[in-house]
Structures are given as structure tokens and as C-alpha cells.
Amino acid sequence: MPKAVLKNISEIRRHFHRNEDPIYFISATNFNLLGLDEWCKNFKYICYIDCYGGKHPNVFCPSEQPHAEFQSIEDINNYLLQHKEVIDLIKRRGGKPKFVFLMFDEETERLSKELGAEVWFPKAKLRQSMDNKIETVRIGNKAGVPSVPNVLAEVKSYEDLRKTCEKAGIGHDLVLQSAFGDSGHTTFFIKNEADFRRHEHEIVGEGEIKIMKRIDCRGSAIEACATKEGTIVGPLMTELVGFKELTPYRGGWCGNEIFSTAFPPKVRQQARELTFKFGEQLRKEGYRGYFELDFLIDKKTNDIWLGELNPRITGASSMTNHAAFAHADAPLFLFHLLEFSKKKFNLDVEELNQRWADPAMIDSWSQMVIKHTDDTVDIATKVPETGIYKMNEDGSINFDRFDYHRRAVESENEAFFLRILQPGDYRYEGADIGIIVTRGRSMTPGFKLNERGKRWIHGIKQGVEGRPLPVAEAGPAFADPAFKIM
């Protein structure tokens with residue numbers, strides 16, 4: 001008897017409501033796919049950090065075991081997959097396990113295979129290739145999605161850089177990006193030789209560098225899913241970048257906003273069209289599933305330029321998958337699971353994309369990722385716990401109640417806080433304290449932090465206390481810089 005074909009959103013939702021195979025999101029925290037367990041039966045989180053103090057019914061955090069210092073999220077995932085308590089959980093729950101990750105490598109794939117699990121993402125080798133910022137430009141060019149005027153070249157010295165830029169006609173006010181890494185750590189603003197000298201060790205000898213003309217732009221993010229039926233596109237979001245109250249990293253991502261009028265209608269539509277074209281090219285390159293694009297939008301002309309491809313879920317995924325369209329139809333990530341499930345489905349992607357482009361499908365939310373921004377190291381003794389907080393009339397905030405649903409936020413005077421930093425952890429420059437999610441905007445129309453946003457940040461930071469390191473202790477030897485866990 002032939003397998004039934006899923007023909008509409010209702011049938012897709014029912015399919016996952018009745019899912020029998022265990023699906024696990026394995027990562028440092030469950031932040032990226034927050035709430036997905038309520039859309040998919042037998043969906044569980046296996047996490048290194050317990051953000052909920054053991055109170056989340058679908059989050060499993062094994063006890064701490066000795067391990068080498070983590071240098072990446074991949075290291076964390078590989079540690080978890082070898083942990084006896086994790087192995088026991090997966091075997092005890094049985095079935096045919098499926099794993100999804102924020103980041104993984106070939107070692108993760110090997111360990112998954114040993115556990116009899118399928119990784120529901122394209123191969124690590126393909127993702128690594130796509131993650132190369134130089135490759136992004138090439139894919140974009142093929143798709144007709146333009147990047148900021150740039151040249152790709154090895155850089156041997158400042159003089160060599162100047163010659164390359166003169167030949168390319170892009171001037172000398174530049175933004176340089178190395179092929180891999182988090183944009184906040186591998187993006188360099190070079191206007192003169194002094195700027196170059198400051199970052200020379202991170203540029204020279206790093207292979208091909210993306211050298212871009214510097215433009216006055218706004219950052220934006222959009223997520224999509226490349227399926228056999230076509231590319232499904234989410235909403236265009238603003239990005240919070242480099243705010244000193246949130247991050248010590250210039251150019252570092254520190255949050256997003258989603259609201260229906262984030263950009264002019266023409267810009268929103270063009271971004272959606274460019275994302276669809278990019279997704280269709282990704283399918284030709286052999287990639288399928290979830291991805292995110294950063295677009296740079298010129299403040300004066302509203303021209304749209306491709307900034308970056310992330311071939312995976314991202315820190316913005318929680319925003320995309322909680323938007324009004326997700327509640328009306330289904331979260332975007334559910335289509336990723338569907339694509340890898342081998343379940344036959346027919347979807348009118350064009351009609352779905354048109355529906356999701358409707359401003360009524362987008363409600364207003366913002367999220368801010370709060371890092372420790374001072375150049376100090378101590379040990380955290382008290383950190384605000386996960387849950388719902390209220391802002392008082394005088395701007396102070398207080399803990400109201402525990403919850404793990406961000407939809408429990410009822411008004412702009414409430415916020416959901418997800419704790420990352422745990423009591424007993426080192427609090428160092430760049431350490432993640434947590435994520436605060438609110439209704440409404442956290443930026444002004446001029447894309448500066450608004451007063452409400454600043455009060456939420458201040459209130460959370462005020463709630464963190466620490467004690468000095470013991471005299472004999474020099475502090476942790478962190479990878480420089482500490483890697484991003486979201």
C-alpha cells in the first residue's frame with residue numbers, strides 16, 4: 001500500500017503531533033529551538049547547560065563529567081554523545097533516533113552513527129563548505145543575489161591590501177572578513193594602516209579574505225528552508241549589533257527584533273525574493289533544509305546586499321519559529337524536519353510564501369543576548385533565574401514567576417529571561433549571562449537601544465553577583481575569544 005502524501009498544513013501538523021520516532025536537539029542549550037517540543041511528539045532536548053534548574057520536562061542535562069576544555073559547540077556535542085547518561089537515555093527510549101544540532105562535525109556524525117541515529121541535516125563536510133564566507137559570495141553570484149562590492153584575495157601586507165583595493169575600485173574604507181567564524185570575531189574595520197596593524201595577525205596568513213567596500217547600512221536577518229517543493233521563506237528581522245551594553249565585540253550580533261514594519265514594504269519583498277533565489281541555488285548545490293541569510297540594507301538608497309550565509313539554525317531561529325505565522329500554520333523548522341523525514345508531501349510553496357509575507361502574520365517581539373561586557377573575571381554567586389520578569393513604573397525589574405514559555409509574556413512590561421550563566425561559573429568578558437525576550441521593540445526608529453531595552457539589560461545585570469577569584473587562581477584559560485554557544 002503506497003504511503004499517504006501530506007497535502008496541506010493541517011496534515012503536516014497532524015503528522016508531527018503523532019510522530020513516534022524520538023527526535024533530539026543536542027546542544028549547549030535549547031534556546032535555538034525553544035518551544036519546538038510542543039509541535040512535535042517525542043521531541044527532546046539534550047543540553048550541557050541546565051537553564052531551567054531541572055524544571056523543564058523535555059530538557060535532559062547529564063551530570064558533569066571530566067572533559068578537555070571545550071573550544072567549540074562541536075566539542076560540547078561530542079562530549080554529550082559519549083556521556084553514559086545520554087547514551088542510556090537514548091537506548092532506553094528506543095525507536096529510531098534522529099539528531100539535530102546547531103553545530104556538528106564529522107566526529108559528531110561518527111558518534112551519532114554508533115548510537116544508531118540519523119543526523120537530520122546535510123553532511124558536515126557540505127555545511128563546512130557552505131559556511132565559508134568566500135563561498136557565500138560565489139553562491140550568491142550564481143543565484144543573482146549581489147554582495148557588497150568586494151574582492152576576494154589573500155592579504156600579505158597593508159601595502160598589498162591597498163593595491164588590491166585600487167585594482168578592484170572599492171576604495172580604502174574597508175570591512176574585511178576571514179572565511180570562517182562568528183562575524184563579531186572575524187570582521188575587521190580597516191580605514192588606515194593603524195587599523196590594519198591592530199588585526200594583522202588575524203588577516204595575514206589566513207588564506208583568501210573577503211575585502212568589502214564599507215557602506216552605511218542596517219543589518220537584517222531572514223531564515224528559510226530549502227525543500228524539494230521549493231524554498232519556504234520567513235520574515236525579515238532587524239539585528240542588534242555591537243551595542244556596548246550587550247557585547248564587548250564590535251560588530252558582534254547581540255539580538256533581533258521582529259515586527260511587520262521593520263523595513264519598507266519594497267525592501268521586505270525584495271529580501272524575500274532574494275532569499276528564495278538563494279535557497280533555490282542552494283538546492284542545486286546539494287544543500288537542503290534550514291538556513292539563514294544576513295542582508296545589509298543601505299541606509300540612504302535601501303539597496304540590499306548579501307552579507308552572510310549560515311547553513312543551519314541560528315540565534316534568530318527562536319524568533320522565526322515563534323512568529324504569528326508559525327502559530328497560524330507551523331514553525332519553519334517543522335518543514336526542515338519534514339524534508340529529512342522522507343515523508344512524501346506536496347506543498348504550494350508560492351502560496352505559503354505569499355501568506356507569510358502578509359504583515360498580519362508578523363507580531364512584534366525582540367530578543368537581546370546579554371554578555372558580561374566588563375574586562376573582569378570573577379565567579380558568579382547569584383544569577384537571575386529563568387522565568388517571567390516584570391518592569392515596575394520606576395524602571396526596576398523583579399522576578400514574577402517561573403515559566404519556560406516565552407508566550408507567557410503578556411505585555412511590554414513583562415519579559416521572558418533564559419539564564420545561561422550558572423552560579424559557580426566564571427564570569428569573564430564576553431561570557432553569556434542570558435537572553436531576554438520581550439514584546440515590542442528594543443530599539444528606536446533610528447536603530448539605537450531604546451530606554452526600555454536599556455532598563456531590561458540593566459535590571460538583569462544588576463541581579464548578577466560574583467566573588468573574586470581565589471588569590472592562587474589565575475582564572476580560566478579561555479579560547480581567544482570565547483566561542484559563541486548560540
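Visitor: What joins strand β16 to β20, and which way do they run?
Guide: Two bridges link β16 (residues 378-382) to β20, and the strands run antiparallel. Within that pairing, D378 sits opposite R427 in β20. Keep in mind that this is a predicted model.

Visitor: What makes β16 and β20 count as paired?
Guide: The requirement is at least two bridges found by DSSP. β16 and β20 have two bridges, so they meet it.

Visitor: What is the strand order in the open sheet of ten strands?
Guide: The order is β14-β13-β10-β11-β12-β15-β21-β19-β17-β18, again with antiparallel pairing. Neighbouring strands there are turned by 30° against each other on average, direction ignored.

Visitor: Why are β14 and β18 called edge strands?
Guide: Each of them, β14 and β18 (397-401), pairs on one side only. At the β18 end, four bridges join β17 (residues 387-391) to β18, running antiparallel. Y389 has F399 in β18 as its bridge partner.

Visitor: And at the other end, how many bridges pair β13 with β14?
Guide: Six bridges, in the antiparallel sense, between β13 (residues 289-298) and β14. L296 stands opposite W305 in β14. The two strands form a hairpin with five residues between them, and N302 in the turn has a positive phi of about 65°.

Visitor: Why is β14 described as largely enclosed?
Guide: Seven of the seven residues of β14 (residues 304-310) are buried, so the rest of the structure largely encloses the strand.

Visitor: How do you know that D294 is buried?
Guide: Buried means under 20% relative accessible area. D294 has 11% relative accessibility, so it counts as buried. D294 lies in β13. Leaving aside neighbours within four places in sequence, its contacts are S220, A221, E239, W305, L306, G307, E308 and N310.

Visitor: What makes helix α2 largely enclosed?
Guide: Eight of the nine residues of α2 (residues 73-81) are buried, so the rest of the structure largely encloses the helix. Those buried residues are I73, E74, I76, N77, N78, Y79, L80 and L81.

Visitor: What covers the buried residues of α2?
Guide: The cover includes β1 (23-27), β2 (43-47), α3 (84-93), β4 (98-101) and α4 (106-114).

Visitor: How do you describe two packed helices?
Guide: You give the angle between their axes and the distance between the axes. For α6 (residues 133-143) and α10 (residues 265-284), the axes come within 9 Å and cross at roughly 105°.

Visitor: Why is α6 called roughly perpendicular to α10?
Guide: The label applies to angles of 65 to 115 degrees. The crossing is roughly 105°, which makes α6 roughly perpendicular to α10. On the α6 side the contact is made by T136, I139, G140, K142 and A143, and on the α10 side by K277, F278, Q281 and L282. Sorted by type, the contact has four nonpolar, three polar and two charged residues.

Visitor: Zooming out, which domains is the chain divided into?
Guide: Domain 1 (9-120), domain 2 (149-213), domain 3 (216-233 + 262-358) and domain 4 (365-468). The centres of domain 1 and domain 2, taken over C-alpha atoms, are separated by 39 Å.

Conventions. Residues numbered from 1 in each chain as written. Predicted model: local features only at pLDDT ≥ 70, side-chain atom pairs only at ≥ 80, totals over all residues. Heavy atoms only, no water. Axes fitted to C-alpha atoms, helices over the stretch in contact; angles between N-to-C directions. Parallel < 35°, antiparallel > 145°, perpendicular 65-115°, else oblique. Contact = heavy atoms within 4.5 Å. Nonpolar A, V, L, I, M, F, W, Y, C, P; charged D, E, K, R; others polar. Buried < 20%, exposed > 50% of the residue type's maximum accessible area, 1.4 Å probe, protein only. Domains from an automatic or database assignment.
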